[in-house]
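Please look through the structure below before reading the numbered points, which are meant for a reader who is new to it.

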Amino acid sequence: MNPRVISILDRMKTNSRLTLGDCITSKRGAEISKDVLRNTKSGHKVLIGKDVKKYSICWSDTYIDTSIKEYSRLMDYFTSPSIYLRRVDSSLTATISSEAYAFSKNVYGLKLIESSEVSELCILAIINSKAANFYYKKRFTMKKEDAFPEIQTYLFEQLPIPYPSYEEKGKIENIVKKLLYSDSEDTNLQKELDNIIFNLYGLSDPEIKLIESMS
């Protein structure tokens, strides 16, 4: 691996005293096929993988039968809002909603633990950031750079989480709220958010340029 890349990964880890696994618990969704969910006409709204976008949900009019065992098994995650993370994608892609959705096996539900030192909206911003995506791809995908593997719980829980100051927390949360409640992607807001998170990781301008050139 490129020595400059190794240096960046090490810096990101050193400048983070937490991992994602220190902040959340997670569950993979219901082991039910998309065809079954698409043919279920009532019950609890359920997300399939393609419904989850960065900072938005595009629900596919799918439901899960609330009488089945898979629903009962995951009820704690289905009946209150979570961070929703796609299981297979070319990048880490996550969102959150004020509405509590059920979710299929191609989505992870992430719930903040009570003792988490970092807020839910900050966690969401970090997961979606260029910095965290760079870390995940370079630290955990060793063979096929262009083929993103199934995102694994034991890997994303190792993502380093930097600790924002009170002022940084406020800035991040305000931008995330704007992105969540906007009808269209705002690339300027996302760039501003990425820059804040680059700084949280203590990255220099040349390191940021390298990350952006490889994104």
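1. Strand β3, which covers residues 44-47, pairs with β6 in the antiparallel sense over two bridges, where strands are DSSP runs (E) of at least two residues, helices are DSSP runs (H or I) of at least four residues, and both are numbered from the N terminus. Two strands count as paired if DSSP finds at least two bridges between them. Within this pairing, Y63 of β6 is the bridge partner of K45.

2. The model is a predicted one, in which local features need pLDDT of at least 70 and side-chain atom pairs count only at pLDDT 80 or more, while totals for chains, interfaces and linings use all residues. Residues are numbered from 1 along each chain as its sequence is written, and side-chain values use heavy atoms, with hydrogens and water left out.

3. The open sheet is formed by three strands in the order β6-β3-β9, with mixed pairing. Because β6 (63-64) and β9 (102-103) each have a single partner strand, they stand at the edges, and one side of each is left without a neighbour in the sheet.

4. I123 lies in helix α6, residues 120-128, and is buried, with a relative accessible area of 0% (buried means under 20% relative accessible area, with a 1.4 Å probe and protein chains only). Not counting residues up to four places away in sequence, I123 touches L20, C23, I83, L112, V118 and I161, contact meaning heavy atoms within 4.5 Å.

5. The largest nonpolar core has 51 residues, and L20 and F156 are among those with the most contacts inside it; such a core is a set of buried Ala, Val, Leu, Ile, Met, Phe, Trp, Tyr and Cys residues joined through side-chain atoms within 4.5 Å. Helix α6 gives the largest share of this core, seven residues.

How values were computed: Buried means under 20% relative accessible area, exposed over 50%, partly exposed in between (1.4 Å probe, protein chains only).
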